[in-house]
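Have a look at the model below before reading on.

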Amino acid sequence: MATARDPEKTRALILDVAFNEIYARGFQGVGVREIAAKAGLTIGAFFHYFPTKSSVGYAIVDEVLKQGILERWIRPLAAYKNPLQGILKTYRKTFDDWPDEYLARGCPLNNLAQEMSAIDPAFRERTREVITLWIDELEKHLRRAKKDGYLEASTNTRELAEFIVTLHEAAFAMGKTLNDRAIYASLYNALRDHLKAKAAVATEG
């Protein structure tokens, strides 16, 4: 267990415990005492690292969720000469690997955005920034695909990036609502067909 003599690990432990508790029960369903107890810390130790419950929530968005988006959806695309193939393969891997126990939980970023945006402007701004970053970084790969002849020259890469991010989030939301993994395959097919219609060359995911 992390101790006060290991501040980086202690802070990371609090973030990890808080993320998992909030993902399971919602931000408003979890208290600071529960987070501290699960981390094996005192309330005082928690507040040493995060002065408020909101501050740990902000750190989850700024650090955990932002990096998670980049690691899951963006960085893998650099390995593909044709980014469209990477988008399809990344979607398939993500939802094939998504644990059944998380099916009814949905996307942790979207959950926080839906729960907290109307209550706390700082949450709204932070989640907006992460979604915007996701779209921005995806668009860079779509522009690369267009430049290299994998996308039709007439393609609006911004609109396509927004569509893809929306579809990814819809897959999580529909899986959560329906509690059925079949929706992941259905939306994969829709994404594949949409990209094929935009592609300048054959694309297989």
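How do the residues of the lining of the second largest cavity divide into nonpolar, polar and charged? They divide into 6 nonpolar, 1 polar and no charged. Keep in mind that this is a predicted model. The rest of the report sets that cavity in its place.

## The overall build

The protein has 205 residues. Its secondary structure comprises 9 helices and 0 strands. Read along the sequence, the pattern is α-α-α-α-α-α-α-α-α. The C-alpha atoms fill a box of roughly 60 × 35 × 30 Å, taken along the principal axes.

How much of the protein is buried? Of its residues, 43% count as buried. The accessible surface comes to about 10400 Å². Carbon and sulfur atoms account for 52% of that surface.

Contacts tell how the chain folds back on itself. Take the contacts between residues at least 6 apart in sequence. Of these, 69% join residues at least 24 apart.

## Helix α1

Helix α1 runs over residues 7–25.

Which residues of α1 are buried? They are T10, I14, L15, V17, A18, F19, E21, I22 and Y23. An α-helix has 3.6 residues a turn, so residues three or four places apart point the same way. Look for that spacing in the list.

What covers these buried residues includes α2 (32–38), α3 (43–49), α4 and α6. Just after α1 comes G26, with a positive phi of about 90°.

## Empty spaces

Rolling a probe the size of a water molecule over the atoms shows where empty space is left. A search of the whole structure finds 2 cavities of 30 Å³ or more. There is also a largest pocket to consider.

| Space | Volume | Lining by class |
|---|---|---|
| Largest pocket | about 280 Å³ | 13 nonpolar, 2 polar and 2 charged residues |
| Largest cavity | about 70 Å³ | 7 nonpolar, 2 polar and 1 charged residues |
| Second largest cavity | about 40 Å³ | 6 nonpolar, 1 polar and no charged residues |

Start with the largest pocket. It is lined by 17 residues. Nearest its centre lie L65, G68, R72, W98 and P108. Four helices each supply at least two lining residues: α1, α4 (53–74), α6 (108–116) and α8 (157–178). Helix α4 gives the most to this lining, with 6 residues.

Now turn to the largest cavity. Its lining consists of F19, I22, Y23, G26, F27, I60, P108, N111, L112 and E115. The elements that give two or more residues to this lining are α1 and α6. Here α6 gives the most, with 4 residues. Some names return from the account of α1. F19, I22 and Y23 are among the buried residues of α1, and G26 is the residue with the positive phi just after that helix. P108 returns too, as one of the residues nearest the centre of the largest pocket.

The second largest cavity is lined by W73, L77, I87, W134, L138, I164 and H168. Helices α7 (121–147) and α8 each supply at least two of its lining residues.

Is T127 buried or exposed? T127 is found in helix α7. Residues under 20% relative accessible area count as buried. T127 has 4% relative accessibility, so it counts as buried. Leaving out residues up to four places away in sequence, T127 touches V61, L109, A113 and S117.

S154 makes a contrast. It is found in the loop between α7 and α8. Residues over 50% count as exposed. S154 has 70% relative accessibility, so it counts as exposed. S154 and M174 are 20 residues apart along the chain. Their C-alpha atoms are separated by 31 Å.

Notes: Residues numbered from 1 in each chain as written. Predicted model: local features only at pLDDT ≥ 70, side-chain atom pairs only at ≥ 80, totals over all residues. Heavy atoms only, no water. 1 Å grid on protein atoms, 1.4 Å probe; cavity = no way out; pocket = protein on both sides within 12 Å on 5 of 7 lines; lining within 4 Å. Points joined across faces, edges and corners; volume = space filled by probe spheres on them. Nonpolar A, V, L, I, M, F, W, Y, C, P; charged D, E, K, R; others polar. Buried < 20%, exposed > 50% of the residue type's maximum accessible area, 1.4 Å probe, protein only. Contact = heavy atoms within 4.5 Å. Areas by Shrake-Rupley, 256 points an atom, 1.4 Å probe, with all protein chains shown as cover.
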